[in-house]
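The sequence and the model come first, then notes grouped by topic.

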Amino acid sequence: MNIQNAQKAVDEWIKAHGVRYFNELTNMAQLTEEVGEVARIIARRYGEQSEKESDKNKDLGEELADILFVVLCLANQTGIDLQQSFDKKLDLKAKRDHDRHHGNEKLK
């Protein structure tokens, strides 16, 4: 599924299962909350913090999907074609950063 189809699927889900989109500020707060959940998993599972027993069954993929869902909601409600924006950003990064990281001693 490409990003345009994902945006459409989210919009259809909202129409079928939700009353309406939450407003942009509410969705921004939700996005922050979801990013925090991902940070908690990463910090404990891959970082130096010990993972609590209650967190060991948390699904990182599911939490990342929660972030994606809210981002798609925000794109839909603000009229952003996220596929177009992503493609443009990827092209920009490819041109700007093509040689940038190859000389970075920290990455060797």
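**Briefing**

Gln7 is found in helix H1; helices here are DSSP runs of H or I with at least four residues, numbered from the N terminus. The model is predicted, so local features need pLDDT of at least 70 and side-chain atom pairs count only at pLDDT 80 or more, while totals for chains, interfaces and linings use all residues. Residues are numbered from 1 along each chain as its sequence is written, and side-chain values use heavy atoms, with hydrogens and water left out.

**Gln7**

- Gln7 is buried, at a relative accessible area of 9% (buried means under 20%, with a 1.4 Å probe and protein chains only).
- A polar atom of the Gln7 side chain lies 3.0 Å from the backbone oxygen of Ile80.
- Beyond four places in sequence, Gln7 touches residues including Leu72, Ala75 and Leu82 (contact means heavy atoms within 4.5 Å).

**Nonpolar cores**

- The largest nonpolar core has eight residues, among them Ala6, Val10, Leu72 and Cys73; such a core is a set of buried Ala, Val, Leu, Ile, Met, Phe, Trp, Tyr and Cys residues joined through side-chain atoms within 4.5 Å.
- Helix H1 (3-17) and helix H3 (60-77) each supply at least two residues of this core.
- Another core, of seven residues, lies apart from it and includes Ile41 and Leu74.

**Helix H2**

- The buried residues of H2 are Asn27, Leu31, Glu34, Val38, Ile41 and Arg44.
- H3 is included in what covers these buried residues of H2.
- At the start of H2, a side-chain oxygen of Asn23 comes within 3.0 Å of the backbone nitrogen of Leu25.

Technical notes
Buried < 20%, exposed > 50% of the residue type's maximum accessible area, 1.4 Å probe, protein only. Polar contact = N/O pair within 3.5 Å; in protein donor to acceptor, adjacent residues only side chain to side chain.
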